[in-house]
Every structure is written in structure tokens, then in C-alpha cells.
Amino acid sequence: MTLQTIADRVGVSRMTVSNAFSRPDQLSPTLRDRILAVADELGYVGPDPAARALARGSSGAVGILLTESLSGAFADEVATTFLGAIADELAPTGLGLTLLSTNTAGGVVPARDVAMDGALVYSCDPESTAMDWLLRRKMPLVFIDQVPADGVPAVNVADRAGARAAAQHLVDLGHRRVGIVTSGVRGRHGMVSPGDMIDGYVGSQRLSGWLDALTPAGVSPAIAREPHGDPEAGYQAARLLLSAPEPPTAILCFSDALAQGVVSAAVDAGLSVPEDLSVVGFDDSPAAARMRPPLTTVRQDIHAKGHAAAAALTQAIEAAKAGTPGPAEHLCLPAELIVRASTAPPRA
């Protein structure tokens, strides 16, 4: 079944049938409906997508590169909210969203082999070979939660300022024994020092922010670091901290997801939050307000980040098509401390 088969049945040119599928504004509604009805009758579903993409020089899709497994991304409320905001922004453009993992299988490298018009790079390991492939393809890119790079639009959050506010909140409450719970892909795990940590841009920014407030107060935090993506990371890290001879009276967490594990570990250890242990998260995920007690955290506008990233990419794609690339804007969204019931002064 081909376009010509439909054209012969309707009595129009092959181009007219092609326009009915790809350029409907070129035909009257009556003629287009007639062509589509005949196509449906004959079981024709339309031109081959690969051939159409080749002809117009566009795949009609954009990619988003994720370091973690795709199943792990869908288990994270922050990631799913972010992906939903991107999808909402892309919907009017007709562009599809393709999820790309940094993992390879059977010789397939998604960042190298998948057809797309541009890509979003979301909180990825800077040493990932997938990032290198995307850069080598010279397609429009937008970095999110990455180190800003010349010539590449970027969307970040004021992670350092937000983390500083969280740590200062604990200092102002009177805490001097403070723990940090974080996670990472590479580097040491367990009890670590700041020099042992090999983290991406967001992790290094948040650590710097915590230390900005803790160091002047004379606080040397105990840091527990677990593998990124481990659902038990927060729980295991908290157990390490709470088993110390002088356990912390407060814990700063890289994310709300880790904070949930910390609270669970504290309860299992017979501690009360916040009377025995104050806990602070980061992100203000939907779970933060549902927790008991509700979690003190640092809010980032996840919806705004997703919309801004998708808008920046569509603009970069249109500019590339027109041959008029503009300046690469680096956007930094604010972060705000949200004080709830999981923090209080330490016991006397």
C-alpha cells in the first residue's frame, strides 16, 4: 500500500495525498477527510515515519539523558514531576520526548544512535561517555543541574544558597553536632570527609552551601555517603551517623527522598523527630508535606525548571534550523527554605 494507491483511488495526485498526512493546511477539510477515509478503508496508516523524518531533516523528537536507570527515575517524585513539566511544555510543539539512559546494551549507545532534534542533559555524571556523544553530535542541547558550559543553554537552581539557608537554620536553633546524608555515583561510600566526595555539580554546590554556614559556627559535620539510586541509602546513612559515640542532633539531607530514610532510621532507633533529632531535606517534593512530622526542606520550583528547560531547547532547535543561533542563556532559579515540624532546638 503506497501513497500512489490512495491517489489513484481518490483521483488526485500523490503530492495531494502526502499533504493530507503531513501538511493538512494545504487542503480543504472536505478533501482531506475524503483522502483519510479512503486510506482507512484500504488499511493505510500513513507515510513511513523514518522516510518522513529523512525528507524533512527532523525526527520530531527530543531526548533527555538520565544517569540513573529509567525505572529509578519513575520511582522518584521529583524526577517524574520534572518530566511532566517538560512534556507539558513540549505538547504544543508536537515534539515527542525520548528517555535516554547512559547504559548501553547490545552495542546500542542511545546518546549516539537515537534520532532526535536536540537533547536535555539532566543531572548527569560529567564524565559520562553519553554526554560526550551528544556534544560530538553538535545538536542543540540544554544542561539542567549541570556545570554551565560556554555555548550551551543551562537551567540551574541556587543550590548553594538554599543549602546555606538550611544549615544556618540548624545553627540558629543551637545545633553543633550536625550530620550530612548524601549519595553519589562514583567515589567512596560510608563515612567520608569532604575531600573524599566525587559528586556532580548539584552535590558539590549543596556541600559548599552547608559548609558556608557550618564552618563559621565551628561545626565539623559528620558525612555519610551511600550509592546513588539505592532506595535504602537514607536509612543506611542515618544508621552510620546515629551509631557514632556522639551522634548528631541534626541531619542535613541531599534530598527529601534521603530524608525519609533518615526519619525511618531515627524512629527505628527509638528517637523522636524533632525532639531527639532534627532533619532537613532538599527539593520540597510532594512527599515532604505528607511526612510525619512534615519535613523542613529547601524548595526548588520543579515545574518552573522543567518548563524553562523545554522552552530553552525548543528555542535552540528553531534557531539551529534557521541558522541564527543566539546567546546561550544560563538561568538560575531561586531556592527557598521551608520550615516545618521536623526541626527544633536540641535537647538541653
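Me: What volume does the second largest pocket have?
Reply: This is a predicted model: local features need pLDDT of at least 70, side-chain atom pairs count only at pLDDT 80 or more, and totals for chains, interfaces and linings use all residues. Residues are numbered from 1 along each chain as its sequence is written, and side-chain values use heavy atoms, leaving out hydrogens and water. A pocket is an open set of points on a 1 Å grid over the protein atoms alone, where a 1.4 Å probe fits, with protein on both sides within 12 Å along at least five of seven lines. Probe spheres set on the points, joined across faces, edges and corners, fill the volume, here about 550 Å³.

Me: Which helix gives the largest share of that pocket's lining?
Reply: Lining residues have an atom within 4 Å of a point. There are 24 of them, with Ala316 among those nearest the centre. Helices are DSSP runs (H or I, at least four residues), numbered from the N terminus. The largest share, 7 residues, comes from helix 14.

Me: How is helix 1 oriented to helix 2?
Reply: Their axes, lines fitted to C-alpha atoms over the stretch in contact, come within 8 Å and cross at roughly 110°. Angles run from 0 to 180 degrees between N-to-C directions, and 65 to 115 counts as roughly perpendicular. Therefore helix 1 and helix 2 are roughly perpendicular.

Terms used. Helices (H or I, at least four residues) and strands (E, at least two) are DSSP runs, numbered from the N terminus. Angles under 35 degrees count as roughly parallel, over 145 as roughly antiparallel, 65 to 115 as roughly perpendicular and the rest as oblique.
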